[in-house]
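Here is a short tour of how one chain packs and pairs its side chains. Please keep the model open as you read.

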Amino acid sequence: MTEHVWSYKSTSGHLAGTDLTGYKVEAVDGDIGKVDKHSDEVGDAYLVVDTGVWIFGKEVLLPASTVLRVEPEDRKVYVDRTKEQIKSAPEFHRVKHLGDAGYHEELGTYYGTGAPFGGRPA
């Protein structure tokens with residue numbers, strides 16, 4: 001079951017309805033890009049991050065559970081993954097994967113607790 005990965009942690013400070021578009025996204029070891037799109041939908045909350053030059057202009061999809069905290073005054077979102085963990089996640093293509101239940105399941109497994117790919121930090 002991967003539903004919990006698609007929800008913000010109660011400790012993240014994210015308030016439903018807050019527009020995160022344009023917020024900088026920080027992994028535990030540095031900047032990964034800016035929020036291009038996000039969803040607050042219950043059970044399907046996520047961030048689409050434009051990685052800019054970091055991963056050659058690609059986008060990544062981060063389940064809401066990866067968000068450690070949101071700092072509106074700094075317009076930053078902090079996530080609990082390393083840049084390498086994010087880069088190694090299943091490749092994301094917005095048109096193909098955004099509404100794809102199979103991709104969401106695969107990504108949820110990758111980022112979920114006990115993930116076989118080392119999704120969650122120890």
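Is Tyr111 buried or exposed? Tyr111 is buried, with a relative accessible area of 0%; buried means under 20% relative accessible area, exposed over 50%, and partly exposed in between (1.4 Å probe, protein chains only).

## About the model

This is a predicted model, in which local features need pLDDT of at least 70 and side-chain atom pairs count only at pLDDT 80 or more, while totals for chains, interfaces and linings use all residues. Residues are numbered from 1 along each chain as its sequence is written, and side-chain values use heavy atoms, with hydrogens and water left out.

In soluble globular proteins, nonpolar side chains tend to be buried together.

Leaving aside residues up to four places away in sequence, Val77 touches Tyr23, Lys24, Val25, Glu26, Val35, Leu47, Val67, Arg69 and Val70, where contact means heavy atoms within 4.5 Å.

## Strand β4

In β4, five of its five residues are buried. Glu59, Leu61 and Pro63 point one way from the strand, and Val60 and Leu62 the other way.

β4 runs antiparallel to β3, with five bridges joining them; strands pair if DSSP finds at least two bridges between them. Val49 has Val60 as its bridge partner in β4.

## Salt bridges

The whole structure holds seven salt bridges, each a side-chain nitrogen of Lys or Arg within 4 Å of a carboxyl oxygen of Asp or Glu. One of them joins Glu26 and Lys76 (4.0 Å, N to O). Glu26 is in strand β1 and Lys76 in strand β6, so this pair ties together parts that are 50 residues apart in sequence. Glu26 counts as buried at 17% relative accessibility, whereas Lys76 is partly exposed at 23%.

Arg94 and Asp36 also meet in a salt bridge (2.2 Å, N to O). Because Arg94 lies in helix α2 (residues 94–97) and Asp36 in strand β2, the pair ties together parts 58 residues apart in sequence. Glu71 and Arg69 form another, with their closest N and O atoms 2.7 Å apart.

## Aromatic rings

There are two aromatic pairs; rings of Phe, Tyr and Trp (its six-membered ring) pair if their centres lie within 6.5 Å, with planes under 30 degrees apart counted as stacked, over 60 as edge-to-face and the rest as tilted. Phe92 and Tyr103 make a tilted pair, 6.0 Å centre to centre with 35° between the planes. Phe92 sits in the loop between α1 (83–87) and α2, and Tyr103 in helix α3. The rings of Tyr110 and Tyr111 have centres 4.9 Å apart and planes at 90°, so that pair is edge-to-face.

How values were computed
Helix = DSSP H or I, 4+ residues; strand = E, 2+ residues; numbered from the N terminus.
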